[in-house]
Each structure stands twice: as structure tokens, then as C-alpha cells.
Amino acid sequence: MSHSEIVSFLWSVADLIRDTFKRGKYQDVILPLTVLRRLDCVLSGTKEKVLQTQARFKGKLENLDPQLRAASGFAFYNTSRYDFEKLLADAPHLAANLRNYIAGFSPNMREVLEKFDFDNTISKLDEAGLLFQVLERFKNVDLHPERIDNPTMGTIFEELIRKFNEALNENPGEHFTPRDVVHLMVDLMLAGDEQRIRRKGVVCTVYDPCCGSGGMLMIAKEHITVGVRKNGELLRPPINPDAEIHLFGQEVNPETWAISKSDLFMKDPTGRDADRIAFGSVLSNDGHAGKTFDYLIANPPYGKDWKRDEDAVRAEHERGAAGRFAPGLPRISDGQLLFLLHMLAHAKDPKDGGSRIAIIMNGSPLFTGDAGSGESEIRRYILERDLLEALIALPEQLFYNTGIATYVWVLTNRKAAARKGKVQLIDATSFWAPMRKSLGDKRREIPPEKAQDIVRLLADFKDGATRRITKDGKEEDVVVSRIFPTTHFGFRKITVERPLRLNFQASAERIARLEEEKGFQALAQSKKKGAAGAKEQAQGRALQEAIRKLLRGLPDTLVTDRDEFERLLDAAATKAGLKLPAPARKAILAALSERDESAAVCRDKDGNPEPDPELRDTESVPLAAGDDPADAEGVPASVRAFFEREVKPHVPDAWIDTTKRDPRDGRVGLVGYEINFNRYFYRYTPPRPLEEIEGEIRGIEQDILRMLAEVTGATAPRD
């Protein structure tokens with residue numbers, strides 16, 4: 001059977017259990033039994049040898065594990081006398097025997113199987129009288145490695161997970177990535193390192209912090225040691241079949257962790273790679289703390305919050321450079337950039353050979369967050385340290401669970417000399433082919449030849465490189481590669497102030513506004529209780545009335561200078577014998593004033609212009625590519641030149657707020673970074689001629705009138 005036929009056969013078990021298990025619980029039966037059947041087939045050839053070895057050494061050796069591993073040929077084994085055939089031969093005791101069979105696995109594999117919580121499922125199937133039928137169904141599918149190789153088995157697991165998540169309306173992208181995307185990401189991660197990997201005796205480490213069912217790790221190892229195959233055909237030979245590749249990973253989902261771990265146990269007789277797949281949330285519990293790796297690859301969950309890890313993440317952020325998250329924290333609703341920071345923290349030091357990283361994320365990490373935000377500070381950290389080598393925009397509709405745009409970030413701390421200080425943007429959104437059959441939201445795939453073209457664009461490192469694409473039935477040459485200095489994506493956000501200008505008038509309308517001012521209302525309020533409070537309130541009401549009388553006695557002429565109006569107010573208050581409390585005075589000035597561009601500038605006690613909050617604005621000034629000396633006020637030369645050129649001619653009375661400074665470099669203006677990818681590949685499409693649009697509208701109008709005529713029986717209009 002093909003892998004799709006096997007998936008359909010295994011999924012058909014749902015027909016047997018649908019009355020006992022809810023749709024969302026099908027995986028509790030199908031996944032663990034698929035793993036068990038695969039293990040049963042894998043161990044079948046050495047099962048008798050294991051039992052004989054156990055009988056020979058039992059009671060003679062304290063630790064039989066090494067001998068039993070050697071007998072099985074794997075890093076795990078099963079010492080139960082049962083297999084699927086013998087289990088079904090004793091139907092009355094099937095549940096007890098199945099538990100005995102599971103208990104017979106070596107401790108390392110039992111740990112894997114326990115993550116499925118299968119014991120409860122056995123009880124439920126047994127009580128419903130379904131255990132024999134279900135187990136018999138699985139016995140009838142041959143999952144022996146000679147018939148189903150490891151890559152195909154991985155695909156079967158991933159197809160099953162996709163179906164389970166579709167049933168639950170959950171996100172399968174959290175568990176695995178389409179194989180075409182993984183192959184491309186691995187090629188991008190390894191790009192340019194072929195000679196390094198071909199060295200004799202080379203040892204490489206590959207790490208995935210959210211490894212799901214392990215597809216990315218396994219494909220990375222296959223690219224290096226086995227080559228790239230499709231439907232059994234070798235598309236590309238291995239980079240180095242003798243390379244020693246060590247895999248490391250971590251996964252938070254128990255079922256996919258168990259699948260990944262069991263799959264690696266079956267692929268590697270030493271069990272070394274499987275032992276290095278940690279369980280738990282990598283953000284709050286780093287399973288490989290202190291380790292660094294040659295290659296790092298990941299597809300973190302898109303737009304998923306990190307609330308469950310918040311306390312641990314914030315605590316680590318506070319540790320600064322001693323932790324993984326020193327550069328900044330993204331908003332709580334999206335943790336993608338936390339995974340990227342985690343990967344950077346696990347990169348090897350350049351003096352130890354450095355690392356290459358490939359991570360795929362949606363568009364949010366490129367531009368979300370203003371200057372000074374956690375997201376911007378993370379981008380700043382990456383770009384100012386020259387870690388970003390390339391960004392590749394992928395086609396939409398590539399993933400099973402979403403059709404949104406995604407981007408592969410390629411990062412390294414050992415850039416080639418020609419790439420230093422530069423970032424390559426590759427627009428690969430048109431590098432796709434339609435799938436013969438859609439899988440969820442996945443309607444497109446990246447064929448091997450188009451994937452290789454993307455890798456070629458990365459290798460060529462050419463600004464303005466073009467490709468011929470077909471869009472709306474027309475062929476055209478479009479630019480698909482752009483190269484920019486890292487500073488191109490940075491800006492300095494400055495605050496531009498303009499002076500406050502007010503006129504004042506003691507008109508009836510403005511005096512009435514005083515009643516709405518909190519400072520005035522507070523005069524008749526008291527925190528005291530009883531008689532003391534009542535007395536204070538009465539005094540306040542008397543003061544309010546005195547103020548009203550005072551203001552009604554002022555001339556109602558318009559005054560365009562605040563200092564002049566304050567002198568008039570103070571003189572009238574002195575004459576009336578009133579002492580105005582500061583809150584009341586502030587309330588009077590607020591009620592009796594209105595903004596007036598022709599009025600005099602309001603100044604503080606030192607004679608400096610007061611800023612008008614309503615006229616406050618910000619400007620984003622591109623960072624200078626080279627030296628950018630600051631003046632005595634801390635304003636960089638590029639900012640001063642921008643202000644004089646772009647702002648002053650339009651608002652001559654404006655000034656830069658020099659108190660708003662970047663906390664890192666101390667200069668005026670907050671530094672921010674964003675990558676508005678689409679801006680660099682925008683192609684202007686002229687609108688259709690107006691005559692053509694008008695003709696189309698007239699045609700639609702005629703069609704509507706004809707239809708109305710048919711309904712009403714009236715005479716249809718002539719064209």
C-alpha cells in the first residue's frame with residue numbers, strides 16, 4: 001500500500017470507535033496503536049533472540065539492558081512473549097496481555113508510550129467490546145521497515161496528525177511542516193557550507209527547539225548523509241555520506257514528542273538521537289541549556305501567546321545577558337521571536353565555528369512593534385550584530401492550516417566577507433506549483449526545481465536579479481532579489497513639538513465650561529466626614545460662587561496673550577479679596593481658553609515655549625549608513641538635516657524634543673527597526689482606462705434593466 005492508502009486504512013478505525021470515542025479523541029486510539037504496530041514490526045525479526053538472551057542471562061547479570069539491546073539490534077527491545085499475532089490468539093485475556101506486552105518494552109520506550117496515556121484507552125476499548133476488532137485491524141497493516149521506510153512512516157504520522165487536528169479544528173502547523181517547505185529550509189540552512197560538511201571526519205549538530213514529530217531534524221540529516229529522494233528516486237546525492245550527524249530537539253506536545261522519539265529510536269540503533277529529544281516547553285524549561293549547535297532550524301507556532309511561560313520568560317529577561325531573552329520581549333500574544341532569541345542563544349561562538357539558522361515565521365515579526373518595543377529591539381539586536389543573512393518570502397497556501405504569507409529567516413554569525421553588513425531579500429512568492437489535490441489549506445507546493453532556484457538566488461547574492469513569471473496570463477520579468485545594508489531597515493523616531501497658543505475670554509459660554517472642570521468641582525468636595533466635611537463643602541461652594549462672580553466681572557474682550565490675561569485675573573482676584581487655589585486657577589485658565597494660531601506663544605516660568613500636546617507629532621528618520629555625529633544637544637546630524645529639510649519649511653515654529661532619547665545610545669530619538677518586505681518588490685499596476693470602466697458599468701446597467709423588464713413584463717430597453 002502507498003502511504004496515503006495506509007493513512008486511509010488506519011483512519012478507517014474511526015468507523016469502529018465513533019460510538020465510543022468523540023471525534024476529538026480518535027487520536028487516543030489510532031496514534032499509540034500505530035506506534036505499537038510499527039514497533040512490533042520493527043522488532044519481529046529479533047524477538048526470539050531477545051527472549052533467548054533474557055532467559056540465558058536472567059539472574060546472572062544485574063543489568064541485562066546492554067545484552068538485550070545488542071540482541072534486538074536497536075536501543076530498545078521487548079521482553080514480553082506477546083506480539084500482535086499472539087495477543088489476538090488469546091482474545092478473552094486481550095486487555096491484560098496487551099498491558100503485559102507494553103510493560104515488556106525497555107524503560108526508554110515505555111517512557112515514550114506512557115505519553116499517550118494508553119492504559120485508559122485500553123480500558124475504554126475493552127469495556128465497549130472493541131479492543132479485539134481494533135487490534136485486529138492494526139495487525140492487518142504491515143508497517144515493517146522493509147515495506148515502509150522511515151521517511152514514509154514519518155509522512156504517515158504527519159498525515160494522521162493533520163487529520164486529527166482538522167477533526168479538532170486545531171492548528172496542525174504547531175506539530176509539523178509540509179515536506180516541500182522543510183526541504184527548502186534545510187537547503188537554505190546548509191547553503192554555502194558544503195565544503196565545510198565534506199571535510200573528513202566531520203561531526204555536525206542539528207537542533208530544533210520545537211521539533212514536533214521530528215521531520216526537520218530527520219530531513220536535515222538525510223540531506224547530508226543520504227541525499228534527497230522523491231518517490232524512491234535520488235534527486236540529489238548526499239553532501240557527505242560519512243558525516244557524523246547528531247540530532248537534538250525539544251517538543252511540548254506529548255503525542256508528537258512520543259512519535260518523534262519512537263521514530264528516532266527506530267532509525268538509529270544507538271538510540272543517541274532519540275535520547276536527545278527533550279520534553280516540555282522550551283521557553284520556560286530549556287532542555288539543552290548550555291549547549292550550542294552547528295545548525296538550528298524551526299517552525300515555531302504562529303501568533304500563539306506565551307502566557308503559560310510568562311513568569312519564567314520575564315525572569316530570564318531580567319537576568320540580561322545571562323539569559324536567552326535579554327534583547328527584548330515581544331507582546332504576550334505572539335511568541336515567535338522568543339523562539340528566534342532562544343536559537344540565537346544556542347548558536348556556537350564564531351571562534352568555535354559559528355552557526356547557521358533557518359526559522360520560518362509569518363509577517364508579524366518583520367514589522368510589528370514601534371521603536372522601543374520588544375519586537376523592534378529584537379530586530380535591532382539581530383541587525384546591529386549583522387546576524388541576518390537573508391529573508392525569503394514564500395508563496396501563500398503552502399501550509400495545511402493557514403494560507404497566510406510566511407518568511408524564512410536565514411541567520412548566521414559567520415557571514416561571508418561579501419555579505420557583511422548586508423541583508424538579502426528574496427521574493428519567492430511566485431515559486432510554486434498547484435497541488436493535484438488540496439490538503440486542508442495547502443493548495444500549493446514548492447517543486448524541487450523551484451526550491452533549487454531559490455537556493456541559487458541566495459548563493460548568487462545579486463541585487464536586482466530577475467525571473468520570468470506568469471501573472472494573470474501575462475509573462476513578465478520581475479526583480480526577485482534585493483540587497484540592502486543592515487542600517488536600511490533602521491530609523492530614529494523623534495518627537496516634534498509646536499508651541500501652545502491660546503486666546504482667553506471671560507464670555508458667558510466659556511464661564512459655563514468651568515462647571516465641567518474637575519479642579520473647580522473639587523472645591524465643593526471633602527474627604528472629611530460629618531460636620532467637618534459639611535463645613536468644608538459649604539466653604540467650597542461659597543468659593544465657587546465667588547469665582548463665578550469674579551469672572552462675570554471681567555471684561556469679555558478677547559485676550560491673545562496668556563500672561564496678559566493672568567495679570568487681569570490676578571488683579572481682579574486681589575481686588576475681590578480672593579486667593580485662588582492652584583487647581584482652581586488651572587481650571588479657570590482651561591475653561592476660558594481656546595487654541596488660536598494667531599495668539600502669542602505660551603511660555604513656562606523659564607521663558608521657554610510650552611508644547612501643545614494636540615500638535616505633537618513624530619517623524620521616523622532613516623538611520624545614516626555611516627558616521628552620524630551628534631551635536632551639543634544630542635541630536636544626530638542626520639536627524640538635524642532631516643528636520644531642517646522636511647519639517648522646518650512647513651512649520652517654522654516647531655522644535656525637536658531633546659528629552660526623548662534612545663536608552664541604548666543616549667542620543668535624541670528612539671531607534672527602531674522594521675522590514676516592510678513588500679515595499680521593496682512592489683510593482684505598479686496602472687488602472688484600466690476610464691472609458692473601459694464606464695463601458696463595463698453601462699453594460700451592467702443594461703443587464704439589470706433587462707432583468708427588471710423580464711420580471712415586470714415591461715419593454716426591455718434598447719442598447
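Biologist: Which residue in β9 is the bridge partner of Ile392?

Modeller: The partner is Val408. This is a predicted model, where local features need pLDDT of at least 70, side-chain atom pairs count only at pLDDT 80 or more, and totals for chains, interfaces and linings use all residues. Residues are numbered from 1 along each chain as its sequence is written, and side-chain values use heavy atoms, with hydrogens and water left out.

Biologist: What makes β8 and β9 a pair of strands?

Modeller: Strands (DSSP runs of E, at least two residues, numbered from the N terminus) pair if DSSP finds at least two bridges between them. Strand β8 (residues 388-393) has 5 bridges to β9 and runs antiparallel to it, so the two strands pair. Strand β7 (residues 356-362) is joined to β9 by 7 bridges, also antiparallel, and there Ile360 stands opposite Val408.

Biologist: Why is Cys204 called buried?

Modeller: Buried means under 20% relative accessible area, exposed over 50%, and partly exposed in between (1.4 Å probe, protein chains only). Cys204 has 4% relative accessibility, so the residue counts as buried. Cys41, at 6%, counts as buried too.

Biologist: How do you know that Cys204 is in no disulfide?

Modeller: A disulfide is a pair of cysteine sulfur atoms within 2.5 Å. The nearest cysteine sulfur to Cys204 is that of Cys211, 19 Å away, so Cys204 is in no disulfide. The structure holds 0 disulfides.

How values were computed. Helices (H or I, at least four residues) and strands (E, at least two) are DSSP runs, numbered from the N terminus.
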